[in-house]
Amino acid sequence: MGDNAVSCRAAGSRRGRAPRAVAAATTAAVIALTGTACSTVRSGAPTRAKAPAVIVLKQGADNGNGDIFITRAGGA
Amino acid sequence: MSGPEIISNTGKVIWFHPLRAHELAADFRTQTYQGKPMLTWWQGPPNLGAVAGGTDYIYNDRYQQIAEVKGGNGYSADGQEFLITPRNTALIVADTIATANLTSIGGPADQKVVDSIVQEIDISTGKVVFQWNAADHVPYRDSEQPWPASAATPWNWFYINAVHLDTDGNLLISARYAWAVYKVNRHTGNIMWVLGGKHSTFLLRAGPGQVLDRAGEIFAYQHDPEAIGHDEYTVFDDESGGGSGLLPYSRVVTVQLDQAIKVATLVKSVKQPEGLLATEEGNAQTTRNGDLFVGWGAVPYISEFSPSGQLLFSAQLPGTDITYRAYRLPWHPAT
(Lines give C-alpha, C1' and ligand atoms only; values in the text may rest on other atoms or scores of the structure.)
Protein backbone atom coordinates (compact mmCIF):
# COMPACT_ATOMS: atom_id res chain seq x y z
CA MET A 1 0.00 0.00 0.00
CA GLY A 2 0.98 3.60 -0.05
CA ASP A 3 2.74 3.75 3.31
CA ASN A 4 1.73 7.29 4.02
CA ALA A 5 -1.90 6.68 3.24
CA VAL A 6 -4.22 6.22 6.17
CA SER A 7 -7.43 4.31 5.91
CA CYS A 8 -10.28 5.74 7.88
CA ARG A 9 -13.96 5.27 8.37
CA ALA A 10 -16.63 7.89 8.73
CA ALA A 11 -17.77 8.65 12.25
CA GLY A 12 -21.28 7.54 12.95
CA SER A 13 -21.31 5.02 10.17
CA ARG A 14 -23.13 1.83 10.85
CA ARG A 15 -19.85 -0.02 10.89
CA GLY A 16 -19.24 0.89 14.48
CA ARG A 17 -15.65 0.51 15.59
CA ALA A 18 -12.62 1.99 13.88
CA PRO A 19 -10.55 -0.50 11.91
CA ARG A 20 -7.70 -1.99 13.88
CA ALA A 21 -5.54 -1.90 10.78
CA VAL A 22 -5.13 1.83 10.97
CA ALA A 23 -2.66 1.79 13.80
CA ALA A 24 -0.94 -1.38 12.73
CA ALA A 25 -0.52 -0.62 9.08
CA THR A 26 0.85 2.88 9.31
CA THR A 27 2.89 5.07 11.55
CA ALA A 28 0.32 7.77 11.35
CA ALA A 29 -2.33 8.39 13.94
CA VAL A 30 -5.93 9.04 13.28
CA ILE A 31 -6.67 12.19 15.22
CA ALA A 32 -10.24 12.86 14.26
CA LEU A 33 -13.15 11.32 12.49
CA THR A 34 -15.84 13.82 11.69
CA GLY A 35 -18.79 13.52 9.39
CA THR A 36 -17.72 12.05 6.10
CA ALA A 37 -14.09 13.09 6.38
CA CYS A 38 -11.08 11.68 8.13
CA SER A 39 -8.05 13.54 9.35
CA THR A 40 -4.59 12.10 9.55
CA VAL A 41 -1.08 12.99 10.65
CA ARG A 42 1.73 11.69 8.52
CA SER A 43 5.42 12.18 9.08
CA GLY A 44 4.71 15.09 11.37
CA ALA A 45 2.87 17.02 8.70
CA PRO A 46 -0.85 17.25 9.32
CA THR A 47 -2.88 16.50 6.23
CA ARG A 48 -6.61 16.53 5.84
CA ALA A 49 -8.02 13.81 3.66
CA LYS A 50 -11.61 14.45 2.77
CA ALA A 51 -13.70 11.87 1.00
CA PRO A 52 -16.88 13.52 -0.21
CA ALA A 53 -20.00 11.49 -0.45
CA VAL A 54 -21.70 10.91 -3.74
CA ILE A 55 -24.82 12.90 -4.58
CA VAL A 56 -27.77 10.55 -4.54
CA LEU A 57 -30.23 11.53 -7.26
CA LYS A 58 -32.63 8.63 -6.97
CA GLN A 59 -32.76 6.34 -4.00
CA GLY A 60 -34.82 3.24 -4.31
CA ALA A 61 -32.47 0.31 -4.20
CA ASP A 62 -31.90 -0.35 -0.52
CA ASN A 63 -32.56 -3.97 -1.22
CA GLY A 64 -29.79 -5.79 0.57
CA ASN A 65 -27.42 -5.85 -2.36
CA GLY A 66 -24.80 -4.20 -0.20
CA ASP A 67 -22.64 -1.11 -0.14
CA ILE A 68 -21.13 0.79 -3.04
CA PHE A 69 -17.46 0.42 -3.92
CA ILE A 70 -15.75 3.06 -6.04
CA THR A 71 -12.32 4.55 -6.68
CA ARG A 72 -12.77 8.25 -7.03
CA ALA A 73 -10.31 10.04 -9.26
CA GLY A 74 -10.32 13.41 -10.90
CA GLY A 75 -11.86 13.18 -14.31
CA ALA A 76 -11.08 15.06 -17.46
CA MET B 1 -7.89 12.90 -3.78
CA SER B 2 -8.07 9.40 -5.13
CA GLY B 3 -8.59 6.20 -3.24
CA PRO B 4 -10.76 3.18 -2.72
CA GLU B 5 -13.99 4.14 -1.01
CA ILE B 6 -17.03 2.36 0.41
CA ILE B 7 -20.28 4.31 0.30
CA SER B 8 -23.66 3.55 1.83
CA ASN B 9 -26.92 3.44 -0.05
CA THR B 10 -27.59 6.98 1.17
CA GLY B 11 -24.33 8.22 -0.27
CA LYS B 12 -22.35 8.49 2.94
CA VAL B 13 -18.74 7.43 3.25
CA ILE B 14 -18.24 4.23 5.24
CA TRP B 15 -14.52 3.75 4.61
CA PHE B 16 -11.95 5.64 2.59
CA HIS B 17 -8.30 4.90 1.91
CA PRO B 18 -6.70 8.11 0.60
CA LEU B 19 -3.71 7.73 -1.64
CA ARG B 20 -0.66 9.89 -2.07
CA ALA B 21 -0.75 12.62 -4.66
CA HIS B 22 -0.12 11.32 -8.16
CA GLU B 23 -1.40 7.88 -7.28
CA LEU B 24 -4.53 6.25 -8.59
CA ALA B 25 -6.68 3.35 -7.43
CA ALA B 26 -8.94 1.18 -9.54
CA ASP B 27 -11.16 -1.88 -9.46
CA PHE B 28 -12.02 -1.71 -5.75
CA ARG B 29 -14.40 -4.42 -4.57
CA THR B 30 -14.85 -7.39 -2.30
CA GLN B 31 -13.57 -10.76 -3.44
CA THR B 32 -12.99 -14.15 -1.88
CA TYR B 33 -9.42 -15.25 -1.21
CA GLN B 34 -8.60 -18.49 0.55
CA GLY B 35 -12.27 -18.83 1.39
CA LYS B 36 -12.56 -15.48 3.16
CA PRO B 37 -14.03 -12.14 2.11
CA MET B 38 -11.42 -9.51 1.28
CA LEU B 39 -11.14 -5.98 -0.01
CA THR B 40 -9.11 -5.76 -3.18
CA TRP B 41 -7.91 -2.98 -5.43
CA TRP B 42 -5.13 -1.81 -7.73
CA GLN B 43 -2.93 1.14 -6.87
CA GLY B 44 -0.29 2.81 -8.99
CA PRO B 45 0.65 5.70 -11.24
CA PRO B 46 -2.17 7.95 -12.40
CA ASN B 47 -2.57 6.34 -15.81
CA LEU B 48 -4.65 3.23 -16.14
CA GLY B 49 -3.47 0.92 -18.85
CA ALA B 50 0.08 2.22 -18.77
CA VAL B 51 3.19 0.13 -19.34
CA ALA B 52 4.61 1.29 -16.01
CA GLY B 53 1.90 -0.18 -13.85
CA GLY B 54 1.28 -0.68 -10.16
CA THR B 55 0.38 -3.25 -7.55
CA ASP B 56 -2.77 -5.06 -6.53
CA TYR B 57 -3.64 -5.22 -2.82
CA ILE B 58 -5.66 -7.62 -0.70
CA TYR B 59 -6.96 -6.47 2.69
CA ASN B 60 -8.81 -8.63 5.19
CA ASP B 61 -12.03 -7.78 7.02
CA ARG B 62 -10.01 -5.95 9.68
CA TYR B 63 -8.65 -3.61 7.00
CA GLN B 64 -5.21 -5.19 7.27
CA GLN B 65 -3.11 -5.86 4.20
CA ILE B 66 -2.50 -9.58 3.86
CA ALA B 67 -1.14 -9.87 0.33
CA GLU B 68 -0.10 -7.96 -2.72
CA VAL B 69 0.12 -9.04 -6.34
CA LYS B 70 2.55 -7.79 -8.93
CA GLY B 71 2.95 -8.72 -12.56
CA GLY B 72 5.57 -11.30 -13.48
CA ASN B 73 8.08 -11.88 -16.26
CA GLY B 74 9.11 -8.24 -16.18
CA TYR B 75 5.60 -6.84 -16.61
CA SER B 76 3.46 -4.88 -14.16
CA ALA B 77 -0.26 -4.76 -13.48
CA ASP B 78 -1.82 -1.88 -15.41
CA GLY B 79 -4.85 -1.50 -13.14
CA GLN B 80 -7.59 -2.50 -15.49
CA GLU B 81 -8.27 -5.87 -13.92
CA PHE B 82 -7.65 -7.58 -10.61
CA LEU B 83 -9.81 -10.68 -10.45
CA ILE B 84 -9.21 -13.41 -7.90
CA THR B 85 -10.19 -16.84 -9.20
CA PRO B 86 -11.56 -19.80 -7.23
CA ARG B 87 -8.02 -21.27 -7.50
CA ASN B 88 -6.64 -18.35 -5.45
CA THR B 89 -4.87 -16.99 -8.47
CA ALA B 90 -5.21 -13.47 -9.82
CA LEU B 91 -6.01 -12.38 -13.36
CA ILE B 92 -4.36 -9.10 -14.28
CA VAL B 93 -3.59 -7.08 -17.40
CA ALA B 94 -0.14 -5.80 -18.34
CA ASP B 95 1.29 -3.95 -21.33
CA THR B 96 4.55 -3.88 -23.21
CA ILE B 97 6.01 -1.90 -26.09
CA ALA B 98 7.09 -3.88 -29.14
CA THR B 99 7.92 -3.20 -32.78
CA ALA B 100 5.67 -4.55 -35.52
CA ASN B 101 5.92 -4.79 -39.28
CA LEU B 102 2.61 -3.45 -40.57
CA THR B 103 3.46 -3.37 -44.28
CA SER B 104 0.94 -6.13 -45.02
CA ILE B 105 -1.83 -3.78 -43.93
CA GLY B 106 -0.33 -0.64 -45.42
CA GLY B 107 1.54 0.55 -42.34
CA PRO B 108 5.16 1.16 -41.43
CA ALA B 109 7.71 -1.63 -41.25
CA ASP B 110 8.83 -0.58 -37.81
CA GLN B 111 5.74 0.62 -36.00
CA LYS B 112 5.98 0.79 -32.23
CA VAL B 113 2.97 -0.99 -30.73
CA VAL B 114 1.46 -1.50 -27.29
CA ASP B 115 0.87 -5.21 -26.83
CA SER B 116 -1.66 -6.19 -24.17
CA ILE B 117 -0.95 -9.17 -21.98
CA VAL B 118 -3.10 -11.23 -19.61
CA GLN B 119 -1.36 -12.91 -16.73
CA GLU B 120 -2.65 -15.35 -14.15
CA ILE B 121 -0.57 -15.11 -10.99
CA ASP B 122 -0.41 -17.56 -8.11
CA ILE B 123 -1.05 -15.09 -5.30
CA SER B 124 0.82 -17.01 -2.62
CA THR B 125 3.99 -17.48 -4.67
CA GLY B 126 3.86 -14.65 -7.20
CA LYS B 127 4.51 -17.16 -9.96
CA VAL B 128 3.00 -16.60 -13.41
CA VAL B 129 0.91 -19.69 -14.18
CA PHE B 130 -0.61 -18.46 -17.45
CA GLN B 131 0.25 -15.71 -19.89
CA TRP B 132 -1.52 -14.58 -23.04
CA ASN B 133 -0.10 -11.91 -25.31
CA ALA B 134 -2.68 -10.59 -27.76
CA ALA B 135 -0.05 -10.21 -30.49
CA ASP B 136 0.53 -13.98 -30.45
CA HIS B 137 -3.11 -14.73 -31.22
CA VAL B 138 -4.76 -11.79 -32.98
CA PRO B 139 -3.56 -10.12 -36.19
CA TYR B 140 -2.90 -6.39 -36.07
CA ARG B 141 -5.38 -5.94 -38.92
CA ASP B 142 -8.22 -6.74 -36.54
CA SER B 143 -7.74 -3.43 -34.79
CA GLU B 144 -10.33 -0.70 -35.26
CA GLN B 145 -7.85 1.91 -34.10
CA PRO B 146 -5.91 3.90 -36.73
CA TRP B 147 -2.15 3.82 -36.25
CA PRO B 148 -0.37 7.03 -35.32
CA ALA B 149 1.23 9.41 -37.80
CA SER B 150 4.67 8.51 -36.49
CA ALA B 151 6.04 4.97 -36.35
CA ALA B 152 7.81 5.96 -33.17
CA THR B 153 4.53 6.65 -31.38
CA PRO B 154 3.26 3.41 -29.84
CA TRP B 155 0.07 2.20 -31.48
CA ASN B 156 -2.34 0.93 -28.83
CA TRP B 157 -4.00 -1.43 -31.25
CA PHE B 158 -5.83 -3.91 -29.00
CA TYR B 159 -6.05 -2.60 -25.43
CA ILE B 160 -7.25 -5.34 -23.12
CA ASN B 161 -9.36 -3.73 -20.39
CA ALA B 162 -10.94 -6.76 -18.76
CA VAL B 163 -10.34 -10.46 -18.25
CA HIS B 164 -13.06 -12.49 -16.62
CA LEU B 165 -14.09 -16.10 -16.22
CA ASP B 166 -16.80 -17.60 -18.35
CA THR B 167 -19.13 -20.08 -16.70
CA ASP B 168 -16.93 -22.97 -17.88
CA GLY B 169 -13.77 -21.49 -16.41
CA ASN B 170 -12.30 -20.23 -19.65
CA LEU B 171 -11.41 -16.56 -20.12
CA LEU B 172 -13.38 -13.63 -21.49
CA ILE B 173 -11.03 -10.93 -22.71
CA SER B 174 -12.29 -7.50 -23.74
CA ALA B 175 -10.29 -5.67 -26.41
CA ARG B 176 -11.44 -2.05 -26.49
CA TYR B 177 -9.79 -1.20 -29.79
CA ALA B 178 -10.91 -4.35 -31.58
CA TRP B 179 -14.54 -3.75 -30.50
CA ALA B 180 -14.55 -7.42 -29.60
CA VAL B 181 -14.70 -9.88 -26.74
CA TYR B 182 -12.55 -12.99 -27.08
CA LYS B 183 -13.23 -16.26 -25.34
CA VAL B 184 -9.84 -17.87 -24.69
CA ASN B 185 -9.03 -21.37 -23.51
CA ARG B 186 -7.33 -20.89 -20.17
CA HIS B 187 -5.02 -23.84 -20.70
CA THR B 188 -3.98 -23.56 -24.35
CA GLY B 189 -4.54 -19.84 -24.97
CA ASN B 190 -6.44 -20.67 -28.14
CA ILE B 191 -9.29 -18.37 -29.12
CA MET B 192 -12.59 -20.24 -28.82
CA TRP B 193 -14.81 -17.51 -30.24
CA VAL B 194 -14.89 -13.81 -30.98
CA LEU B 195 -17.92 -11.63 -30.31
CA GLY B 196 -17.95 -8.45 -32.38
CA GLY B 197 -15.23 -6.70 -34.35
CA LYS B 198 -13.90 -7.45 -37.81
CA HIS B 199 -13.96 -11.23 -37.53
CA SER B 200 -16.84 -12.05 -35.25
CA THR B 201 -17.64 -15.73 -34.86
CA PHE B 202 -21.28 -14.68 -34.57
CA LEU B 203 -23.65 -12.85 -36.84
CA LEU B 204 -24.80 -9.82 -34.86
CA ARG B 205 -28.51 -9.11 -34.56
CA ALA B 206 -30.70 -6.69 -32.63
CA GLY B 207 -33.67 -8.21 -30.86
CA PRO B 208 -37.08 -6.54 -30.70
CA GLY B 209 -36.80 -2.93 -29.56
CA GLN B 210 -32.98 -2.96 -29.68
CA VAL B 211 -30.54 -1.22 -32.04
CA LEU B 212 -27.06 -1.96 -33.30
CA ASP B 213 -24.67 0.97 -33.47
CA ARG B 214 -23.70 2.93 -36.58
CA ALA B 215 -21.01 0.36 -37.38
CA GLY B 216 -23.46 -2.54 -37.12
CA GLU B 217 -21.93 -3.65 -33.82
CA ILE B 218 -23.66 -4.59 -30.59
CA PHE B 219 -20.91 -2.77 -28.69
CA ALA B 220 -17.79 -0.70 -29.36
CA TYR B 221 -14.89 0.55 -27.19
CA GLN B 222 -16.49 -1.72 -24.60
CA HIS B 223 -15.51 -2.80 -21.10
CA ASP B 224 -16.32 -5.52 -18.62
CA PRO B 225 -17.86 -8.54 -20.32
CA GLU B 226 -19.62 -10.64 -17.70
CA ALA B 227 -21.06 -14.12 -18.14
CA ILE B 228 -24.47 -14.30 -16.50
CA GLY B 229 -25.29 -17.87 -17.51
CA HIS B 230 -27.25 -19.65 -20.23
CA ASP B 231 -24.97 -18.20 -22.94
CA GLU B 232 -25.89 -14.65 -21.93
CA TYR B 233 -23.38 -11.90 -21.31
CA THR B 234 -23.55 -8.29 -20.18
CA VAL B 235 -21.09 -5.78 -21.63
CA PHE B 236 -20.53 -2.13 -20.75
CA ASP B 237 -20.89 -0.46 -24.13
CA ASP B 238 -19.01 2.84 -24.20
CA GLU B 239 -19.68 3.42 -27.93
CA SER B 240 -16.97 6.09 -28.01
CA GLY B 241 -13.20 6.09 -27.97
CA GLY B 242 -12.98 9.81 -27.42
CA GLY B 243 -14.64 11.32 -30.44
CA SER B 244 -18.25 11.36 -31.50
CA GLY B 245 -19.87 8.08 -30.72
CA LEU B 246 -21.21 5.26 -32.81
CA LEU B 247 -24.32 5.85 -30.72
CA PRO B 248 -25.16 9.15 -29.00
CA TYR B 249 -25.13 7.49 -25.57
CA SER B 250 -23.40 4.73 -23.66
CA ARG B 251 -25.33 1.72 -22.49
CA VAL B 252 -25.10 -1.73 -20.99
CA VAL B 253 -26.05 -4.51 -23.36
CA THR B 254 -27.16 -8.06 -22.71
CA VAL B 255 -26.19 -10.46 -25.48
CA GLN B 256 -27.59 -13.93 -26.07
CA LEU B 257 -25.34 -16.32 -28.00
CA ASP B 258 -26.73 -19.15 -30.09
CA GLN B 259 -23.73 -21.42 -30.48
CA ALA B 260 -25.54 -23.75 -32.90
CA ILE B 261 -26.26 -21.18 -35.58
CA LYS B 262 -23.53 -18.69 -34.55
CA VAL B 263 -25.83 -15.77 -33.95
CA ALA B 264 -25.43 -13.15 -31.23
CA THR B 265 -28.59 -11.27 -30.37
CA LEU B 266 -28.79 -8.01 -28.47
CA VAL B 267 -31.72 -8.89 -26.26
CA LYS B 268 -31.69 -6.07 -23.71
CA SER B 269 -30.01 -2.75 -23.02
CA VAL B 270 -30.12 0.08 -20.51
CA LYS B 271 -29.04 3.55 -21.58
CA GLN B 272 -27.04 6.02 -19.54
CA PRO B 273 -29.91 7.78 -17.71
CA GLU B 274 -28.71 11.29 -18.57
CA GLY B 275 -28.15 10.27 -22.18
CA LEU B 276 -24.38 10.78 -21.90
CA LEU B 277 -21.52 9.11 -23.70
CA ALA B 278 -18.64 7.59 -21.72
CA THR B 279 -15.47 7.90 -23.74
CA GLU B 280 -13.63 5.47 -21.48
CA GLU B 281 -13.95 3.13 -18.49
CA GLY B 282 -17.20 1.75 -17.04
CA ASN B 283 -18.62 -1.54 -15.85
CA ALA B 284 -21.84 -3.40 -15.15
CA GLN B 285 -22.37 -5.88 -12.33
CA THR B 286 -25.33 -8.19 -11.97
CA THR B 287 -26.19 -8.18 -8.28
CA ARG B 288 -27.29 -11.20 -6.31
CA ASN B 289 -30.97 -10.29 -6.72
CA GLY B 290 -30.65 -9.79 -10.47
CA ASP B 291 -30.38 -6.00 -10.56
CA LEU B 292 -27.79 -4.37 -12.79
CA PHE B 293 -25.39 -2.01 -11.01
CA VAL B 294 -23.52 0.27 -13.40
CA GLY B 295 -20.49 2.50 -13.06
CA TRP B 296 -20.60 4.85 -16.04
CA GLY B 297 -16.83 5.32 -16.20
CA ALA B 298 -15.83 8.70 -17.61
CA VAL B 299 -19.39 9.87 -17.05
CA PRO B 300 -19.58 10.62 -13.30
CA TYR B 301 -22.69 8.62 -12.47
CA ILE B 302 -23.54 5.27 -10.94
CA SER B 303 -26.90 3.56 -11.38
CA GLU B 304 -28.86 0.49 -10.41
CA PHE B 305 -31.54 -0.98 -12.64
CA SER B 306 -34.14 -3.64 -11.97
CA PRO B 307 -34.16 -6.73 -14.22
CA SER B 308 -36.90 -5.04 -16.27
CA GLY B 309 -34.69 -1.99 -16.81
CA GLN B 310 -36.33 0.36 -14.31
CA LEU B 311 -33.90 2.86 -12.79
CA LEU B 312 -33.86 2.15 -9.05
CA PHE B 313 -30.86 4.11 -7.85
CA SER B 314 -28.80 6.92 -9.31
CA ALA B 315 -25.92 8.94 -7.90
CA GLN B 316 -23.47 11.49 -9.21
CA LEU B 317 -19.85 11.80 -8.17
CA PRO B 318 -18.95 15.28 -6.94
CA GLY B 319 -16.90 17.76 -8.94
CA THR B 320 -14.88 16.25 -11.72
CA ASP B 321 -14.52 12.87 -10.04
CA ILE B 322 -15.08 9.69 -11.96
CA THR B 323 -14.63 6.03 -11.06
CA TYR B 324 -13.10 3.35 -13.26
CA ARG B 325 -15.61 0.79 -12.07
CA ALA B 326 -18.35 0.69 -9.42
CA TYR B 327 -19.77 -2.27 -7.56
CA ARG B 328 -22.53 -2.92 -5.06
CA LEU B 329 -21.49 -5.76 -2.79
CA PRO B 330 -22.15 -7.06 0.71
CA TRP B 331 -19.33 -6.28 3.14
CA HIS B 332 -19.22 -7.27 6.79
CA PRO B 333 -16.01 -6.13 8.47
CA ALA B 334 -14.87 -7.82 11.64
CA THR B 335 -16.06 -6.24 14.84
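**Exercise 1. In what order do the four strands of the open sheet in chain B lie, and is the pairing parallel or antiparallel?**

Before we start, some ground rules. This is a predicted model, in which local features need pLDDT of at least 70, side-chain atom pairs count only at pLDDT 80 or more, and totals for chains, interfaces and linings use all residues. Residues are numbered from 1 along each chain as its sequence is written, while chains are lettered from A and ligands numbered from 1 in the order in which they are written.

*Solution.* 
- Step 1: strands are DSSP runs (E, at least two residues) and helices are runs of H or I (at least four), numbered from the N terminus; two strands pair if DSSP finds at least two bridges between them.
- Step 2: the order is 7-8-9-10, and the pairing is antiparallel.
- Step 3: strand 7 (82-84) and strand 10 (128-133) of chain B are the edges, each pairing on one side only.
- Step 4: from one strand to the next, the twist averages 30 degrees. Such angles run from 0 to 180 degrees between N-to-C directions, with axes fitted to C-alpha atoms.
- Step 5: inside the sheet, strand 8 (residues 89-100) and strand 9 (residues 111-122) of chain B are joined by twelve bridges. B:Ile92, for instance, has B:Gln119 as its bridge partner in strand 9.

**Exercise 2. Describe the overall build of chain B.**

*Solution.* 
- Step 1: count the elements: chain B has 24 strands and zero helices.
- Step 2: check the radius of gyration, taken over C-alpha atoms, against the globule rule (2.2 Å times the number of residues to the power 0.38). Chain B comes to 19 Å, close to the 20 Å that the rule gives for 335 residues, so it is as compact as a globular protein of that length.
- Step 3: look at burial, where a residue is buried if 20 or more other C-beta atoms, placed from the backbone, lie within 10 Å of its own, exposed if 12 or fewer, and partly exposed in between. Buried residues make up 53% of chain B.

**Exercise 3. Which residues touch the most other members of the largest nonpolar core?**

*Solution.* 
- Step 1: a nonpolar core is a set of buried Ala, Val, Leu, Ile, Met, Phe, Trp, Tyr and Cys residues joined through C-beta atoms within 7 Å.
- Step 2: among the 103 residues of the largest core, the answer is B:Ile173 and B:Ala175. Strand 8 of chain B gives this core its largest share, six residues.
- Step 3: beyond four places in sequence, B:Ile173 touches B:Val118, B:Ile160, B:Val163, B:Val181, B:Tyr182 and B:Val184.

Notes. Two residues are in contact if their C-beta atoms, placed from the backbone, lie within 7 Å.
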